[in-house]
Amino acid sequence: MLLSVIALATPIQEGQPAPTVTLQNGTIVGSTSNGIDSFKGIPFAQPPTGNLRLRPPQSITQGFGTIQATAQPKACPQQSNQVDTSDLPSDVIGELMNSPLFQAITNAGEDCLTVNVQRPTGVNSTAKLPVLFWIFGGAFEGGSTSQYDGSSIVRRSVALNEPIVYVSVSYRATGFGFLAGQELADEHSTNLGLRDQRLGLQWAAENVEAFGGDPDKVTIWGESSGSISVFDQTIINGGDNTYNGKPLFRGAIMDSGSVIPAEDVSTPKAQSIFDTVVASAGCSSASDKLSCLRGVSYTTFLNAVSSVPPLTSYSSLDLSYLPRPDPGDDFFSQSPEIPLESGQIAKLPIIIGDQEDEGTLFALNQANITTNDDVITYLTTYFPTNPNARSDVTTLVSNYPNQPLLGQPAGSPFNTSSANNLYPQFKRLAAILGDVVFTLSRRIYLHNLPSTLPRWSYLSSYLHTLPILGTFHGSDIIYAYGLLGDEDPITELVQTYYVRFVNSLDPNGGNGTATWPAWSDADGQTPQLLNFLAEGKTEIIEDNFREGAYEYLVGNESQFRV
């Protein structure tokens with residue numbers, strides 16, 4: 001096949017030159033270890049600092065000479081804790097985590113728009129290998145490319161004789177990348193994190209061939225907010241994913257996240273966050289608030305964007321920062337369910353799936369929610385612009401048993417009867433949050449895709465017996481990235497399916513793995529999922545659980561815009 005251009009797992013010899021790639025803007029010098037060439041921290045945009053803060057990313061137009069791409073690249077600014085002067089302990093922690101010292105320790109800063117590239121050792125520019133393009137998650141508040149080493153999955157691809165090139169993109173998160181508000185809409189500076197990702201994809205289209213990749217065979221892959229971003233990349237620009245006349249990607253893998261209905265950038269909820277950030281930065285009295293925000297110090301702005309609740313707060317999945325439609329800009333102009341339902345979406349094969357207990361992590365901080373009314377009141381706050389929110393939430397909640405009792409599997413972690421109920425409404429709230437944001441929204445997404453589109457879906461249950469959390473949100477990263485070792489049976493299985501998909505747009509086609517049935521609900525048939533179990537085992541299950549909640553959501557999705 002393509003192994004003639006690959007030196008299989010051959011360590012670089014002493015005195016042998018480091019892997020070097022020449023691009024239009026300069027020369028990239030990487031490193032080699034355990035059969036993988038790595039090139040880290042390659043800039044794909046001008047530093048979004050100073051007057052470029054809170055603006056769309058700008059391409060690099062000048063040469064940068066030679067870059068030693070061997071050190072871990074800088075992460076974009078992270079929102080670790082809320083800076084809230086009404087809560088002294090929280091404020092102290094938030095200030096500390098946003099201090100220059102802590103940000104330096106976590107290697108975070110504004111000049112952060114880079115990509116990493118990893119490939120099998122010995123690959124050259126004629127290899128034309130399929131490309132797996134990673135978009136990390138982190139609740140649109142944090143995350144970095146340094147957290148995800150693609151070496152394991154690249155080694156798997158070589159072992160399967162289906163080698164790939166791995167690319168990961170850094171993008172602005174928290175208020176640096178997803179601050180909304182009318183002021184930003186007026187100058188078309190919204191959804192900057194998505195724009196960063198798109199420019200990173202365009203960089204790959206122009207440059208990945210020099211690393212041995214094929215720009216015509218790119219699969220985008222993400223987890224959590226990265227998975228939501230992958231979906232968003234299929235609907236921005238009206239579903240047009242082309243660049244210079246060619247598609248930027250031909251397939252997508254989405255782990256825990258898809259369509260998130262959202263209110264416009266200038267609606268009261270979004271505008272209130274902007275106003276809070278402006279006030280916290282000391283810019284409320286400025287005649288030009290954006291100029292003021294661009295002029296304050298990095299630490300001042302970081303503290304300001306961290307003055308609103310993070311994922312770890314009581315608000316949980318009611319995120320302060322997320323992609324919001326901007327009706328005045330074609331880039332991301334509609335709430336995501338609208339283009340999905342109208343077919344304004346890039347048509348491509350996909351894999352999408354969830355962890356069985358997506359919601360458990362996000363229901364740990366709400367121990368005061370002890371009654372049915374508490375659950376309804378709490379969830380109603382997620383949808384402040386819906387005048388009928390309480391009624392809609394009440395109907396949704398009625399589909400989940402008020403108290404998970406013996407023999408009732410409707411609370412998450414699922415199928416554990418009355419065990420693991422951290423507080424009276426924990427399992428119930430976890431089930432609802434997980435379904436609305438991840439699991440049942442996945443089914444709605446699949447249902448709305450054209451019936452002829454190839455698609456495969458899964459549910460992971462390998463940590464079923466883990467107390468309180470079960471198979472929790474993000475646990476798939478452990479296996480997909482081989483964090484327990486390349487030979488872990490779950491890692492081997494998941495990576496094998498993914499590598500095959502990247503190569504042929506079908507996870508099937510080889511020995512040693514169960515056939516993964518395509519997902520379809522056409523003509524009234526019950527769709528099927530591949531259920532990942534412990535020890536690398538699988539089974540086929542029907543995707544019809546919690547049907548009452550699904551039927552209500554699928555007909556009322558726009559009522560649940562955050």
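Student: Is G434 buried or exposed?

Tutor: Buried means under 20% relative accessible area, exposed means over 50%, and partly exposed lies in between (1.4 Å probe, protein chains only). G434 has a relative accessible area of 2%, so it is buried. G434 belongs to helix α14. Helices (H or I, at least four residues) and strands (E, at least two) are DSSP runs, numbered from the N terminus. This is a predicted model, where local features need pLDDT of at least 70, side-chain atom pairs count only at pLDDT 80 or more, and totals for chains, interfaces and linings use all residues. Residues are numbered from 1 along each chain as its sequence is written, and side-chain values use heavy atoms, with hydrogens and water left out.

Student: Which residues are in contact with G434, beyond four places in sequence?

Tutor: Contact means heavy atoms within 4.5 Å. With neighbours within four places in sequence set aside, G434 is in contact with E358, G359 and T439. For a sense of distance, take E551: it is 117 residues from G434 in sequence, and their C-alpha atoms are 16 Å apart.

Student: How far can I trust the model?

Tutor: The chain averages 92, and 91% of the residues score at least 70. Two stretches stay under 50: residues 1-15 and residues 83-105. Beyond four places in sequence, the model has 28 contacts for residues 1-15 and 35 for residues 83-105. Where pLDDT is low, the predicted coordinates should not be read in detail.

Student: What is the volume of the largest pocket?

Tutor: Start with the idea. Work on a 1 Å grid over the protein atoms alone. A cavity is a set of points where a 1.4 Å probe fits but cannot get out. A pocket is an open set with protein on both sides within 12 Å along at least five of seven lines. Lining residues have an atom within 4 Å of a point. Grid points are joined across faces, edges and corners, and a volume is the space filled by probe spheres set on the points. Here the largest pocket has a volume of about 850 Å³. It is lined by 49 residues, and G138, A139, S224, L311 and F362 are the closest to its centre. Elements giving two or more residues to this lining are α7 (225-235), α13 (389-397) and α14 (426-448). The largest share, 9 residues, comes from α14.

Student: How does the lining of the largest pocket divide by residue type?

Tutor: Ala, Val, Leu, Ile, Met, Phe, Trp, Tyr, Cys and Pro count as nonpolar; Asp, Glu, Lys and Arg as charged; the others, Gly among them, as polar. That lining has 31 nonpolar, 13 polar and 5 charged residues.

Student: And the second largest pocket?

Tutor: It holds about 260 Å³ of space. Of its 14 lining residues, N25, I60, W203, E206 and N207 lie nearest its centre. Helix α6 (residues 192-207) gives the largest share, 5 residues. The lining divides into 8 nonpolar, 5 polar and 1 charged.

Student: How many cavities of 30 Å³ or more are there?

Tutor: The whole structure has 4. The largest cavity has a volume of about 50 Å³. Its lining includes Q355, Y458 and D476. Helix α15 gives the most, with 3 residues. The second largest cavity also holds about 50 Å³. Among the residues lining the second largest cavity are F178, S320 and R324.

Student: What about the core?

Tutor: A nonpolar core is a set of buried Ala, Val, Leu, Ile, Met, Phe, Trp, Tyr and Cys residues joined through side-chain atoms within 4.5 Å. The largest one has 154 residues, and W221, L293 and Y445 touch the most other members. The largest share of this core, 12 residues, comes from α14. Beyond four places in sequence, W221 touches residues including F133, W134, Y166 and Y498.

Student: Why does F501 count as buried?

Tutor: F501 counts as buried because its relative accessibility is 0%. It sits in helix α16. Its contacts beyond four places in sequence include T219, I253, W456 and P507. P130 is 371 residues from F501 along the chain, yet their C-alpha atoms are separated by 10.0 Å.

Student: Which residues of helix α12 are buried?

Tutor: In α12 (residues 372-380), V375, I376, Y378, L379 and T380 are buried. What covers them includes α13 and α14.

Conventions
pLDDT = per-residue confidence, 0-100.
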